[in-house]
Amino acid sequence: MRRIEVVPSILSADAGRLAEQVKEAEAGGADRIQVDVMDGHFVPNLTFGPLVVEAVRAVTTLPIEAHLMVERPELFIEAFAKSGATMIEVQVESTTSLYRTVQTIKELGAQAAVVINPATPVEELREILPYVDLVNVMTVEPGFGGQKFIAGSPEKIRRVRALSPDVEIEVDGGIDARTAPLVVAAGATVLVAGNSVYGYKGGVAAGIKAIRDAVD
Ligand code: DX5
């Protein structure tokens with residue numbers, strides 16, 4: 001039984017206190033930090049670039065995931081690898097050369113992950129699975145924090161787990177103390193949480209604890 005990891009995403013953090021919020025997450029027991037990179041084209045929102053990964057890298061020793069919700073991710077991989085991203089996640093829908101993109105990420109020394117959106121069939125993962133360190137199954141349509149968890153996600157996660165008993169399965173979107181047990185029971189092992197951590201009324205550490213308690 002793999003240990004369940006909790007990954008606060010900075011999309012819902014207070015950008016004016018980003019360093020402090022990252023440190024709060026680390027002190028609160030976060031396993032990794034996710035930087036949600038959006039280009040305003042692949043998703044209807046615009047967020048962070050390599051400079052923000054660099055800033056996060058400077059204040060934490062935790063692994064950093066750069067989730068590239070961008071068109072033509074191959075243009076940005078080197079910059080994110082050099083900025084200190086431990087893992088670079090690319091959307092299968094965003095490039096016509098996914099195999100080369102994954103290989104490039106690994107040649108640059110980062111771990112490679114692929115992400116599938118809610119309407120993307122699990123079958124799209126089959127050929128690339130052997131080459132990646134993690135699969136991220138979006139449990140919301142990407143673009144914004146605080147969205148509602150898509151109820152059919154656990155069944156989809158089970159089908160991804162059936163494709164590979166060993167791959168790390170990350171889930172991203174609407175993960176909180178209610179939905180975390182559902183996705184873990186389906187086979188997820190890495191839980192991205194934005195609003196349920198940075199929007200938690202009891203604070204960041206309590207938000208992380210609420211998720212961990214719900215799955216332990
Ligand atoms: C894509 C973003 C969000 C974020 C998590 O929309 O990448 O999924 O990581 O957002 P919450 O946990 O607030 O739904």
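Reader: What should I know about the model before we start?
Author: The model is predicted: local features need pLDDT of at least 70, side-chain atom pairs count only at pLDDT 80 or more, and totals for chains, interfaces and linings use all residues. Residues are numbered from 1 along each chain as its sequence is written, and side-chain values use heavy atoms, with hydrogens and water left out.

Reader: How much space lies in the largest pocket?
Author: About 330 Å³. A pocket here is an open set of points on a 1 Å grid over the protein atoms alone, where a 1.4 Å probe fits, with protein on both sides within 12 Å along at least five of seven lines. The volume is the space filled by probe spheres set on the points, which are joined across faces, edges and corners.

Reader: Which residues lie nearest its centre?
Author: Gly145, Gly146, Gln147, Gly173 and Gly174, out of 27 lining residues. Lining means having an atom within 4 Å of a point.

Reader: How does the lining divide by type?
Author: Into 11 nonpolar, 11 polar and five charged residues. Gly counts as polar.

Reader: Where does the backbone come in?
Author: A backbone N or O atom of glycine 174 lies 2.8 Å from a ligand oxygen. For glycine 194 that distance is 2.7 Å. A polar backbone atom of glycine 143 is 2.9 Å from an oxygen of the ligand.

Reader: New topic. Is proline 8 buried or exposed?
Author: Buried, at 0% relative accessible area. Buried means under 20%, exposed over 50%, partly exposed in between, with a 1.4 Å probe and protein chains only. Proline 8 lies in strand β1; a strand is a DSSP run of E, at least two residues, and a helix one of H or I, at least four.

Reader: Which strand pairs with β1?
Author: β8, in the parallel sense, over four bridges. Pairing takes at least two DSSP bridges. Valine 6 has leucine 191 as its bridge partner in β8.

Reader: And arginine 32, what does its side chain contact?
Author: Its side chain makes a polar contact with the side chain of glutamate 65, at 3.0 Å. Another goes to the side chain of glutamate 168, at 3.1 Å. A polar contact is a pair of N or O atoms within 3.5 Å; within protein, one must be able to donate a hydrogen and the other to accept it, and residues adjacent in sequence count only if both atoms are side-chain atoms. Arginine 32 is buried, at 8%.
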